Amino acid sequence: MTTDARLDAFSALADEFDLLRSTHCDFVDACDAWASERRDTLVAGKAAHAKAVAANRLQRTQIAKDIESLNDASRELNALDAAEQNVEALRAKVVEDLEKKLCTSQTDRDALAESVAAMEREVQARKAALESARNLRLQSTKRSLPEALFYEEKLGLKIISLEPDVLRFVFTNIDKSNYSREFWFVLDVSGEREYKLRECNPATPMVEAALEYLNETRDFYRFLKEMRQGFKTVFEGSGKNSTAGGSNDTKQSR
């Protein structure tokens with residue numbers, strides 16, 4: 001084979017090698033592009049799935065809180081129904097007793113009849129008061145449910161039923177170094193005219209004024225705000241005192 005032929009063969013071979021190398025590079029670039037697109041798709045899908053899971057978890061928590069609030073309202077309405085039944089039973093017994101007395105004394109019949117009418121009026125008034133209390137409780141429950149959820153979610157408030165008409169209110173998110181630390185008080189709500197405080201931990205000097213205002217106005221959510229502020233003030237004050245005490249000890253040691 002002549003030199004020119006060999007050079008032509010080498011040149012053709014070099015051209016083929018360049019074409020092969022170009023094809024290989026195009027193939028590698030295509031594979032990289034496909035892998036990058038696939039990776040972005042998987043990352044986006046994973047993020048969307050995580051977002052959907054978080055939204056479902058939040059929705060389940062909200063539904064559970066709504067159910068608990070509605071259960072509380074149902075228990076209170078059942079208590080009002082039971083009280084109404086007791087009033088009705090009392091009315092029937094009083095009427096029965098008075099009717100017996102009417103039969104035994106002809107001369108006192110008019111007076112007893114007036115007593116029966118008075119008792120009837122009193123019973124009707126009590127029934128009307130119970131019905132009004134039921135309506136107010138329903139309206140209060142509907143109005144206060146969003147605000148109660150706000151307290152639970154944003155201010156770390158939990159309400160625990162210790163016994164009938166005795167509730168423990170537990171605040172967290174006050175101590176910034178320990179958000180789960182609990183500040184609580186126990187409230188007796190069984191009284192018809194006033195609430196009573198059983199326990200308060202830690203003690204706060206503003207609790208008596210807050211409780212007095214609650215019994216006067218029935219503004220329960222302002223009472224919760226003042227109690228939380230009282231706990232916060234006590235906590236911040238104790239932190240300042242401990243810091244000051246540490247500074248004095250340091251000065252004495254020097």
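Is Phe185 buried or exposed? In this predicted model, Phe185 has a relative accessible area of 0%, so it is buried.

## Surroundings of Phe185

Leaving aside residues up to four places away in sequence, Phe185 touches Leu167, Arg168, Phe169, Phe171, Leu197, Glu199, Cys200, Phe223, Leu224, Met227 and Phe231. Buried means under 20% relative accessible area. Phe169, one of these contacts, has a relative accessibility of 1% and therefore also counts as buried.

## Nonpolar core

Phe185 is among the residues with the most contacts inside the largest nonpolar core, together with Phe171, Leu187 and Phe223. This core has 18 residues. At least two residues each come from strand 2, strand 3, helix 3 and helix 4 (220-253). Helix 4 gives the most, with six residues.

## Aromatic pairs

The model contains nine aromatic pairs. One of them joins Phe169 and Phe185, which are stacked at 5.0 Å centre to centre with 10 degrees between the planes. Phe169 belongs to strand 2 (residues 166-171) and Phe185 to strand 3 (residues 183-188), so this pair ties together parts that are 16 residues apart in sequence.

Phe220 and Tyr221 form an edge-to-face pair, with 6.4 Å between centres and 85 degrees between the planes.

## Charges over rings

Two arginines are placed over aromatic rings. The charged end of Arg168 sits over the ring of Trp184, at 4.5 Å from the ring centre. Arg168 is also one of the residues that Phe185 touches. Arg222 lies over the face of Tyr213, 4.1 Å from the centre of that ring.

## Helix 3

Which residues of helix 3 (residues 207-217) are buried? They are Val207, Ala210, Leu211, Leu214 and Asn215. Viewed down the helix axis, the buried residues fall within an arc of 135 degrees, so they line one face of helix 3.

The face turned away from this buried side carries the exposed residues Glu208, Ala209 and Glu216. Exposed here requires over 50% relative accessible area. After the helix comes Arg218, which has a positive phi, near 60 degrees.

Conventions: Residues are numbered from 1 along each chain as its sequence is written. This is a predicted model: local features need pLDDT of at least 70, side-chain atom pairs count only at pLDDT 80 or more; totals for chains, interfaces and linings use all residues. Side-chain values use heavy atoms; hydrogens and water are left out. Rings of Phe, Tyr and Trp (its six-membered ring) pair if their centres lie within 6.5 Å; planes under 30 degrees apart count as stacked, over 60 as edge-to-face and the rest as tilted. Helices (H or I, at least four residues) and strands (E, at least two) are DSSP runs, numbered from the N terminus. Buried means under 20% relative accessible area, exposed over 50%, partly exposed in between (1.4 Å probe, protein chains only). A charge sits over a ring if NZ of Lys or CZ of Arg is within 6 Å of the ring centre and within 35 degrees of the ring normal. The arc is that of the directions from the helix axis to the C-beta atoms. A nonpolar core is a set of buried Ala, Val, Leu, Ile, Met, Phe, Trp, Tyr and Cys residues joined through side-chain atoms within 4.5 Å. Contact means heavy atoms within 4.5 Å.
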